[in-house]
Structure formats: C-alpha cells, structure tokens
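Student: I would like to go through a model with you and learn how to read its features. Where do we begin?

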Amino acid sequence: MDKESFQENTRYTITWRAPDGKLRPANIYVYKTFAQAMIARMTDKSGLLHKIGYEDIVRIVKTNPVDKESQYTIPSAILDEKLWKDRTVMERYSSAPHVGK
C-alpha cells in the first residue's frame, strides 16, 4: 500500500502486519498521512494512536469516510511528523464535537 491508498478523517477495516509479525484485522481512524506512514487510532482495541507504515498494510477490507461533524479532533501539534519521529504509539483522548464529550 502507499499514501494514495488512504485519506485523512476516514475509517478503515484493514489487515495489517502487527509489530509481532502476525497478520491481524484492525479497525482504524486515519488522522494524518505522511510520506512513509500514517497516524491512526485503533478504534476496536485500546484506542491508542499508532504510527503505521504503509508497507505493514496488507489489505483494505472496507472504507468509510467520516462526515465533518463526526470527525475526531486532536490538536495539530500532536499530529506533527517531528513528534512521531521516534514514536510508534501514543495515548491521547479525542472526541467528535456532536458526541458531547
């Protein structure tokens, strides 16, 4: 996969190669795309933010664009590529405005 396969503020169901090397299903919400990786929230697991390399994505099973009012918000500084240079995981809470959180 590559950057053009993914759009920001979109939910995906994917098959990916987890850090342990096994193929696993995952539901993700993509916040930001970079040249070699993307920042995404695992929506079906712990809710942590992950930096996922495009080469780790084996297959996109389902794509679901998120309308403007349902998009999760995070400060742009958290999504800065420099901040993620040496990180792969981060805990950060976020919510959509119309959810009331």
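This is a predicted model: local features need pLDDT of at least 70, side-chain atom pairs count only at pLDDT 80 or more; totals for chains, interfaces and linings use all residues.

Student: Is Ile-52 buried or exposed?

Tutor: Burial is read from relative accessible area, and under 20% counts as buried. Ile-52 has a relative accessibility of 1%, so it counts as buried.

Student: Which residues is Ile-52 in contact with, leaving aside its neighbours within four places in sequence?

Tutor: A contact here needs heavy atoms within 4.5 Å. With those neighbours left out, Ile-52 touches Trp-16, Ile-28, Ala-37, Met-38, Ala-40, Met-42 and Ile-57. A C-alpha separation is another quantity: for Ile-52 and Gln-36, which are 16 residues apart along the chain, it is 8.7 Å.

Student: What about His-50, where does it lie?

Tutor: His-50 is in strand 4. Its relative accessibility is 16%, and because the cut-off is under 20%, His-50 counts as buried. Beyond four places in sequence, His-50 is in contact with Met-38, Ile-39, Ala-40, Met-42, Trp-84, Thr-88 and Val-89.

Student: What other values describe the chain as a whole?

Tutor: Along the principal axes, the C-alpha atoms fill a box of roughly 40 × 30 × 25 Å. Of the 101 residues, 37% are buried. Among contacts with a separation of 6 or more, 50% come from residues 24 or more positions apart.

Student: And how do I read the surface and the charges?

Tutor: For the surface, look at the area and at the atoms that supply it. The accessible surface of the chain is about 6300 Å², and 48% of that belongs to carbon and sulfur atoms. For charges, look at the counts and at where the two sets are centred. There are 17 positive and 13 negative side chains, with the centres of the two sets 3 Å apart.

Student: How many aromatic pairs does the count come to?

Tutor: Rings pair if their centres lie within 6.5 Å, and the angle between planes then sets the class. By this rule there are 4 aromatic pairs. Phe-6 and Tyr-12 form one that is edge-to-face, at 5.0 Å centre to centre with 70° between the planes. Phe-6 is buried at 2% relative accessible area, and Tyr-12 is buried at 3%.

Student: Why is the pair of Tyr-29 and Tyr-72 called tilted?

Tutor: Planes under 30 degrees apart count as stacked and over 60 as edge-to-face, with the rest tilted. The planes of Tyr-29 and Tyr-72 are at 50°, so the pair is tilted; the ring centres are 4.9 Å apart. This pair links distant parts of the chain, 43 residues apart: Tyr-29 is in strand 2 (residues 23-33), and Tyr-72 is in the loop between strand 5 (57-65) and strand 6 (89-90). Tyr-29 is buried at 0% relative accessible area, whereas Tyr-72, at 23%, counts as partly exposed.

Student: Which residues do ring pairs link into a cluster?

Tutor: The cluster consists of Phe-6, Tyr-12 and Tyr-54, linked by ring pairs.

How values were computed: Residues are numbered from 1 along each chain as its sequence is written. Side-chain values use heavy atoms; hydrogens and water are left out. Buried means under 20% relative accessible area, exposed over 50%, partly exposed in between (1.4 Å probe, protein chains only). Accessible areas come from the Shrake-Rupley method with a 1.4 Å probe; for residues, only the protein chains shown count as cover. Lys and Arg count as positive and Asp and Glu as negative; His and the chain ends are not counted. The place of a charge is taken as NZ of Lys, CZ of Arg, CG of Asp or CD of Glu. Rings of Phe, Tyr and Trp (its six-membered ring) pair if their centres lie within 6.5 Å; planes under 30 degrees apart count as stacked, over 60 as edge-to-face and the rest as tilted. Helices (H or I, at least four residues) and strands (E, at least two) are DSSP runs, numbered from the N terminus.
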